[in-house]
Amino acid sequence: MMANLLVSFVILVSIVHGNTQDVDITALNIFDALSSTLNCGQFKNLIIASGLQVQDFFKLSQSLTLFAQNDTAFEQMLPDKRQKLFSMTATEKSDYVKSYTLTKVLQTSSMNNNLIEKSQGALGNTNIFFYKRERRRDNIVSGLAGRTEYYANGALIYKPDVRAQNGIVHIIDRVLDPIVPYGVYGYIQRPEILQPALKMKFFTEVTEYVRGDYYNQAISPLTTSVRFTMFVPTDEAIDKIPKEKLDELRGKQPQLAAVIKQHAIPNLAVYTSFVNHNEGFQCLDGRAVFKKNIRESVYVSAGGVNAQITKGNLTLSNGVIHFVDSLLGYVYNTAREQIQLDPSISQFRQVLDRSRKELQDFLVTTSGVTVFVPMNDAFTNLQNLHGVDFFNNQTLINYVVELNMLEPGLEFAITNVNGDYQARIETPSQYRGWNIKIYSQGNDTWAEGGYVKTRVIRPDVGVTNGFVHYVDGIFGVPYRDVPGLIYCEDWLIKSSYIFSITGLNEYLKDVNLNRMPACSYNTKRSDYNYADPSLFNNNQKVYGTNPNSDNQPSASPPIKRGGCGESNTLCQFTVFVPNGTTIDNFGNSYYGRQLFRDNNRLRYVLRRHIALNRKIYVDQLSRGTHVYTADTGEEVRFNKIDDKNTEVYFMNARARVIHSDLGATNGVIHIVDDFLFVNEDMTRDISGSSKMAATRTTTLISLIVLLYSVCL
C-alpha cells in the first residue's frame, strides 16, 4: 500500500509544473477515469473485453500514459470500421489498447517532431510517432502565429495531459487503426501479414526489378531507416500503366531507382491530418508536396505526377504508409491522352473534340502545354442555363477551350503557388491573352479565368508535354447569379445574411435561373454562425415599421419594393460587397449598431454599393478615377490606382477592393473592406429611393421599346 502511494506521489510531483488538466480528482486510476469524467466509455469497453489482466494493467499504480478516444469519436466512425474494431478477439483488443499506452508519464511539453516512443502492443514492436505543429492563422504559411498542436500517430491531442492517480490520459480526436507490428518495406514484400487478398504489385512489378548499385540507392534505405513515410501505389495504379511503358521503365535502372526513391520521405512519419495545403517534404529523390482541400481528398505531387491518396495513414513499426492511385515520378501520357483516358473529365473531352483542330493538336505537341480541365460536375451545374450550348455553339466551344489553355510554351506547376489573393500569380491564356489568376487561400488553391472562380481539385497532373489541372468550374461561363455567388463565398457568409434580411437577394436574383446550384463545399451553410442575434434586428419585418422600445430605435418608414428580381425583371448588376470582417467591425461601431437594427435603412446603404444595369470589370478599366450611378441615384467614384489596387468612395467614405471581378450570370461582384456609409445616412429621407430606382429601370426599358418601334 505504501509503495502504491509513493508511486502516485512521484507522478503528481512530476507533473505539477506541467500543462496538466486536473479533471478527475476522485478517480483512483486511469481505468476508472475513462468513464467517470472523460466520456471514454467505448474505449473502456475495449479494455474490459480484453480481459481482467488488461483491466488490472490500467488499474495498477505505475506510471502510464494513455492515448484514448472519447465516445464522440467512436460515434463518428464508419459503421463497417466500427464493427470490425469491436469484433476483434480479446487478444487483438488487448493489443490495440496497449499499443496506444506508454509505461512512462509523457506530457505534451516533452513532445517534438523527432520523438518516437515504444508502446506496449505486440510484444513491444509498436511505436507512437509524435509531431508538434505551430499553426498559422488561416493556415497560411505567412500568417500570424496561431495555436500549437500535438499529434500522436496522426491523431490530434485536443484534450492533453489529463491527470489520474497512476498516470496521464491524452484525449485524441479520432479512432486510430491498429498499428501493424512490422516494418514498412517488410509489409510491402509480405502484405498477407495483414491483408491476404492484397498482391502488392508495387513490389512484384516495380521494386523487385531494381538491381546492383541502384538497389543500394533505392531499396536499402527502406530496410534500414528508423522512421519514414512511404507512398505505395495500389494494384490498380500499376495495372493502368501500359505494359510496354512498364517494361520500358524496368529496362532503365537509373530512372527506375529514381521513381522508387520519389515514394519515400526519410526520417519523418507524415500523416495527412497535420500537413498544410501545398506543404512539401524532402524525399529520397526530389520533393513530395501535399495538396489538401478542405473536407475532401488529399493528393500528393512528386516527380511530375499528382496522385490521390486512396487510403492513408496506415501506421507500422517504423513509419506510415499512404496508398496512392498513381505511380509517382513516372509520366507517360500526353495531355490529350490524359484527357482522353480519364472518365471523370469526359464532358470536357467531348467539348474538346468539337473545338478547332489546332486547339486539339496543341495538346499533343512535344512540350509547353498547360490546360485547366473542368470535371464532369462542372458541366452538370450548367444544365438548363440560358444560352449555354456546347453542342451547336461553335463560338462558345472555342472560347471556353482557349480560356482553359495557357499560351504555348508555358508549363505551369501550381505547386509553386503559395499565398493569398494579393499574392496571386497571373499567366496568359490562349483567349486574347486574358490572364488566369492562381492563388492559395486557406486549404484550397483557386484559379480564375473569364471572371469565373474555380477550385483546383487536382493540380499538377504530370503529362509528357506539360501539366493538366482539374478544376470544379468552367472558365468564362458563370452558373450562379449575384446572390448565389455571394452566398457561396466563405468570407461573405455574413454579407449574404444582410442582403437576405434586407430583401436584396430577391432584388438581385437572376429571374432566368430555376434553381441555385449547391456550393462546392460539403459544409452546409446552416452550420455557420451567420450573425450575432444581438447585432441584427432579425424580427423586424423587412420594409415594415418596428414597434418602439426602450432599447431599440424606431424603424425608418416603409419602402416600396419593386424592380428587377422583385418584379420578375432581368437586370444586370455590379455589386461592391463588404466582407464578413467589415460587417463585424462596422457592427461594433456606434452608427453600425443603429444601422443594423433598421433593415430599411440598411437596405438603402447597401444599394449604394450597387450599379444597376452596368457590368464594371476592374481589369478592363484604365487607371484613374471613374464614376457610377448607384442604385440610390447617388454618384459614387472609384479609383484604379494600379493593377492590384482599386478604391471606391462616396463623400468621406472609402473602401478598398480586396478581390475583384467575380462573375455571375447577371453581373459581377467586387469584395471590399468597408461600408460606403456616412453619418447623414441615419437621418436622410430614404422613402422614395426604391421607387426612383424602379422608375429609372422602367423608363430605360420603355425607351428601348420606343426606339425599336421607331426603327420598325
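Here we go through the sheets, then the cysteines.

Modeller: A bit of bookkeeping to start with. This is a predicted model, where local features need pLDDT of at least 70 and side-chain atom pairs count only at pLDDT 80 or more, while totals for chains, interfaces and linings use all residues. Residues are numbered from 1 along each chain as its sequence is written, and side-chain values use heavy atoms, with hydrogens and water left out.

Colleague: How do I read a sheet, and in what order do the 6 strands of the open sheet run?

Modeller: Strands are DSSP runs of E, at least two residues, numbered from the N terminus, and two of them pair if DSSP finds at least two bridges between them. Here the order is β15-β20-β19-β18-β17-β16, with mixed pairing. β15 (369–374) and β16 (425–428) sit at the edges with a single partner strand each, so one side of each has no neighbour in the sheet. From one strand to the next, the twist averages 35°; angles like that run from 0 to 180 degrees between N-to-C directions, with axes being lines fitted to C-alpha atoms.

Colleague: In which sense do β19 and β20 pair?

Modeller: Antiparallel: β19 (residues 452–463) and β20 (residues 466–471) share 5 bridges.

Colleague: On to cysteines: how many disulfides does the structure hold?

Modeller: A disulfide is a covalent bond between the sulfur atoms of two cysteines. The working cut-off is a pair of cysteine sulfur atoms within 2.5 Å. The structure holds 1: C564 and C571, with their sulfur atoms 2.2 Å apart. The link is left-handed, at -90° about the S-S bond.

Colleague: Are C564 and C571 buried or exposed?

Modeller: Buried means under 20% relative accessible area, exposed over 50%, partly exposed in between (1.4 Å probe, protein chains only). C564 and C571 are both buried.

Colleague: Why does C283 count as buried?

Modeller: Because its relative accessibility is 4%. C40 is buried too, with a relative accessible area of 0%.

How values were computed:
Helices (H or I, at least four residues) and strands (E, at least two) are DSSP runs, numbered from the N terminus.
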